[in-house]
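I opened this notebook to keep track of what I looked up, one entry at a time. The sequence and the structure come before my notes.

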Amino acid sequence: MAKKLGFLVNIERCIGCHACEISCKSFYQLEPNMRRRRVQELPEDVVGTPVRAFVSTACNHCDDPACKKACPVGAYTKREDGIVVHNQDLCIGCQMCGKACPYSVPMFNPVKKKMDKCSMCYDRLDVGQLPICVEKCPLEAIQIVDYNEVQPANAVSEIPTFADTSITHPTTHFILPKPGKQSRRF
Amino acid sequence: MLTENFSRRTFLKGSASLSALLGLGVATSQAPKGLIPKAQAKSNGKVEQFFNACPRNCYDTCSIVTTVEDGRITFITGNEKNTYTKGRLCVKGNTYPRVVYSPDRIKYPMRQKGRGSGNWERISWDEAYTIIANKILDIKKEYGSTLPICLNKYSGNFNILNYATEGMLSSIGYTTRAQGTPCDPAGSDAQGFDMGAPYNNDPEQFLDADYIILWGANPAWTSAHSMYFIEQAKERGTKLVVIDPLITQTASKADEYIQVKASTDGALALGMIRYILDHQLYDQNWVSQNSIGFNEFFSYVKNNITVEWAAEKTGVPKPVIERIAREYATAKPANIWIGFGMQRHVNGGAMVRAIDALAAITGNIGKKGGGVNYIGEETWGFNYSTMGFGAPEGSGGEADRYVNMNNFGAQVLDANDPPIKMMWIACRNPMAQDPEPTVVKKAFDQMDLIVTADLYMNKTVEYSDIVLPVTTPFESVGVNVSYWHYWMNVNEQAIKPLYETKSDLEIAMGLSKKLNQLKPGSCTFPVTGDPLEWVEKEMNDDIKALFNVKSWDDLRKNGGTAKANESITTAWKDLKFRTPSGKYEFYSKTAAEYGHHPLPIFTEEYKAPKEYPIRCMSPHWKFGIHSQFQHQDWLMAIQAHPFLEIHPDLAKKKSIRDQDIVKIINETGYMTLPAKITKMVPADTVVMYEGWWKGVNYTENFTVKALQEDMGEHLKGQRGIAFHDNFVNIEKA
Amino acid sequence: MHDLPLVIFTVLSQLAIGGFVTLWWFDRKNKTITRSTGLIISCSLVVLGGIAVLVSLFHLGQPFAAYRAILNIRVSWLSREVTFYGAFVGLSLLYAWFWLKDIPARRSLIGGIATIIGAIAIFSSAKIYMIPAIPAWNSVTTMFTFFLTSIILGPLFVGLLLAIRGELSMNISGISIFSLITAAMVMILYFSSLQSGLPQAVEAARLTTHHFIFWIRLFTFVIAFAILSLSIKNKAMCNAKIYSFVFVLLFISEFLARFQFYETANHL
Ligand SMILES: Nc1nc2c(c(=O)[nH]1)N[C@H]1C(S)=C(S)[C@@H](COP(=O)(O)OP(=O)(O)OC[C@H]3O[C@@H](n4cnc5c(=O)[nH]c(N)nc54)[C@H](O)[C@@H]3O)O[C@H]1N2
Ligand SMILES: Nc1nc2c(c(=O)[nH]1)N[C@H]1C(S)=C(S)[C@@H](COP(=O)(O)OP(=O)(O)OC[C@H]3O[C@@H](n4cnc5c(=O)[nH]c(N)nc54)[C@H](O)[C@@H]3O)O[C@H]1N2
Ligand code: SF4
Ligand code: SF4
Ligand code: SF4
Ligand code: SF4
Ligand code: SF4
Ligand SMILES: [Mo]
């Protein structure tokens, strides 16, 4: 059976450090404002007791990718293993995919004048290496999971701030933090 | 072009005209826009990898692997061979390619006409050396010594070879030195009194802990690699307790977070101790065999401390204190990590002594996975061969003179006989990082010549006469160890220095050459030398044995990183303390000699003045190490300006809404910045993170007074600064 | 602002298509338009349509690779838009050619085909934007507004040129008033659906109405409406001057509306 690769983002572990985002930027030598992975602050009360919580997302390699449908040149393909690949050679930089993606994932490269997005580092995966962001997270908070194989126990597909998953059926899943005890003065 | 000029201009606070900017030796239009596309670099072939060491003032002191393609760095990441770095870097380390190829780097030596004018002119290295050497010789002639020359160097780069700057200054004669450290002085003295030295367990031992208390430490931001071991331990069932006035990123990960009233941790520790004594949960054996003064201490506690009182004092409910005390005392081993931030108070040293006592009575000291971990320097036994040349013949004066680094401005102004006339600043940004920057500026105003060696146009460089462009770690060689973990990391030269940059060691040799040209024999520092030979000279037999390496070069060839052997990775394993008695000293005569109470007693916190009732804390920031990293565009793209964290209750009282501009003010100064309303801070406290932000004309220190900590002079020569005992008022701007 | 080329493209292309249909319809019905006038109008429509294409290229990172945009016609509405609009411009050129050659039958046939293709082009255009990722766009009002732009501006443009040529023989004001009333209703529908939609849609409504552009747009619309209402009864007002003025007002109104459409497109 074909694979269904997706990210599993452990918010319980994530310290919001942005190392994933910046290691990706560094490895792919992206322009200063471009991000293939983005770390975003979650609402403070996401688990009840107030905490600093973050979530790190990249392309969600959706089952039903809106980017692919929008693209006039057919630059997007979905591989057997589920990875949604953007072929920059074909891209004409119309930015429609960026509009159509519910997660605003594809970003314009102002120098190449083409779109750019997370490839799940498929060329690394293909030779048995982990994606940079997965390998470089100091907390090992990101994993690649074949969701056709396993459904990690406490993984959820929806979290606050994450757009309606019924649109494109993203493969990314999350592990939500467990609230700790707090004794606060205020 | 336009945007680059524009950002340069805001960078310089609009102080310079555009024409002046054109003469600026900082990379502007020729600067690399982004980096060379990888594919392009790859096709031309040559890919090499080098080992580097992150030399920042950071617990983690990472071992780095740098990929170079055709002479250009294409990727920088962690070294997998180092089990602490584990092949990955923190967010800051991941920006290193940008640090190297930043459009903002200083390219050439420059001279500024009018301090702070922004009117910089490019000069040659020879011109720079000549101006500086002449000034040194003039001063020596006029004052009969080089004491009017003052060095302020600290934490920009902890490469062992970088002590060449200190060596260079020693080589011209006796000089004035900024002494001390802003990081850890009070706590280090406290541990010095208790145990003879601060000495911490290998942080990889968090995995062996049954219970972890992070006491005023925020490793999620300040030591990301430690946080990994802590999270791992947590997942294996170790309980993580975080004690902090703020719900830090670390506290957000705790099984239990305890919001203590700032600067009352001594009361909390003593309250726990009282409970432990009352319930016979202490390690009678350990105490009687390994300590002195426990009877005095126990009776102090019994007579003066109650849990109720501690609850009152700290704001931590009595049942919580009792529960944590019981849990801590019964977990084996239990690990405490005391952060440096915790002790930046007027009673910081006393607080650390109380926490030490808690660890001691429960017998957690000397245990693998346990300990009361603060800082350590066991691996720092290098030769420091750059420092050993001594004053030249005929130097006036008898010894170096010291001023407190933590009260630099005021003490420079106070120094007379002779006054201070010239300043050499390296690895330091006192205009941003020191308290009372206006006083620092006044001290600068008194100088005939200010020379700053740096990579970027920071606040201090802006107010200097000459700037010397220095290299990044990737353009020079060295060796690094940590004050926290037990690894030694080599630093190879990965690329040729960009532009006209030089390492501090090369600068030392260059200046010495010029001095000897102008006046033979005026500087004892070598005038030539291969940095590779210099670094090899740092290795002595003890270091080689400790790390089981033959030489620097051997280490370079074999993975670039080595861990000290197990003889030292568990602190006080042999229970031979370095105190006068050789035991753990609850009763410290040394402490008394320095004017403190001999016992770890409670000392009161600093009280808020009436007009300024709000505490303003300035802890360390995740996207910066002080003046470094935050100003890089990669990080500015995430967070571009400082902000003030305010509790919703306080905000409401002051009619401040999220993102409103607030003014924070006290008798020392004021600043305005946007508010971030958040429950992460208590309602009597506001927080702004420290560091140097590009395009902002203030720093968090604008309201910080040079209020001393209680300790520091014993081991660090000088007391530290109570950065967090800063009280202000706030209003909507 | 970076969507400005798209603002210009959509407004101009819809104007061109609307104008084209008007011209074709009048020509078929009344047969009173002289060859030279037909040629002028049809050529001006080709020029407008061509400008629209050129401007749209500015929106591309790779304008010279624009031809590739038809590759994904099987799924991409943008591909379809490009294809159909391209075909429309081609056919309108052919249509102008038959004005030049003065062959009414061919003209009528080509015009008919172009009308259908043009309508599909507008339909495709609208479908591009009806995406869940942008709640403010994701509704049939997008479809309505795109066609309405065509119906508001097209006939007026052609009527204006006919008036200049002194060949205006039917009641343009009537058609326009009808389209303006529909537009007003769609606008109300649009805002009420935004208000009851997702937070991003609500925000889009807020951003739109809290900007002065919205008021200029409303103001020009109302004035144009008032003048046209007066002109229905008053034949003397159906002159080139009045129509130019009204056209300019409505063009501004439509342009600003489209500008706001893009500017307030809040992503999920
Ligand atoms: N990202 C990053 N990492 C760094 C640095 C940096 O600037 N940025 N700096 C490096 C340097 S030089 C140093 S010295 C270290 C510092 O490392 P840390 O000590 O971990 O960091 P700080 O932010 O100084 O302070 C830690 C915590 O002390 C808390 N604190 C303050 N007062 C009290 C108190 O009275 N009681 C208790 N319980 N807690 C209190 C603060 O709220 C803060 O959360 O980090 C090093 N690592
Ligand atoms: N309000 C407040 N202020 C604080 C603190 C706080 O908690 N609150 N923390 C204090 C603490 S703990 C510390 S350690 C200090 C740190 O303050 P500083 O010692 O000033 O530390 P950095 O900003 O890390 O480094 C200073 C400069 O060194 C430069 N540099 C880097 N590498 C080299 C090199 O190889 N050669 C030379 N010549 N220069 C180099 C950098 O570019 C930077 O501009 O700040 C203190 N200030
Ligand atoms: S690197 Fe890991 S811990 Fe840091 S933000 Fe990314 S996912 Fe979170
Ligand atoms: S997240 Fe966006 S870009 Fe990625 S596959 Fe889904 S729709 Fe496409
Ligand atoms: S920007 Fe490129 S990838 Fe995206 S839709 Fe347009 S052509 Fe396709
Ligand atoms: S998988 Fe690769 S491309 Fe995608 S965010 Fe991670 S590092 Fe970047
Ligand atoms: S700043 Fe600290 S954690 Fe980051 S790379 Fe350097 S040593 Fe490692
Ligand atoms: Mo520090």
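The entries below turn to a ligand and then to an interface between two chains.

Entry on the model. I noted at the outset that this is a predicted model, and I read each of the entries with that in mind.

Entry on the interface of chain C and chain A. I then asked how many residues of chain C are in contact with chain A. There are 27 of them, and they meet 27 residues of chain A. The area buried between the two chains comes to about 1900 Å², and carbon and sulfur atoms give 62% of that area.

Entry on polar pairs. Between chain C and chain A I found 18 residue pairs in polar contact, counting pairs with both residues at pLDDT 80 or more. The rule finds 1 salt bridge across this interface, and the side chains of C:Asp3 and A:Lys99 meet in a salt bridge at 3.2 Å, N to O.

Entry on the side of chain C. Helix H3 of chain C, residues 77-100, gives the largest share of the side that touches chain A, with 3 residues. By class, that side of chain C has 17 nonpolar, 8 polar and 2 charged residues.

Terms used. Residues numbered from 1 in each chain as written. Chains lettered and ligands numbered in written order. Predicted model: local features only at pLDDT ≥ 70, side-chain atom pairs only at ≥ 80, totals over all residues. Heavy atoms only, no water. Contact = heavy atoms within 4.5 Å. Buried area = accessible area lost by both parts, 1.4 Å probe. Salt bridge = Lys/Arg side-chain N within 4 Å of Asp/Glu carboxyl O. Polar contact = N/O pair within 3.5 Å; in protein donor to acceptor, adjacent residues only side chain to side chain. Helix = DSSP H or I, 4+ residues; strand = E, 2+ residues; numbered from the N terminus. Nonpolar A, V, L, I, M, F, W, Y, C, P; charged D, E, K, R; others polar.
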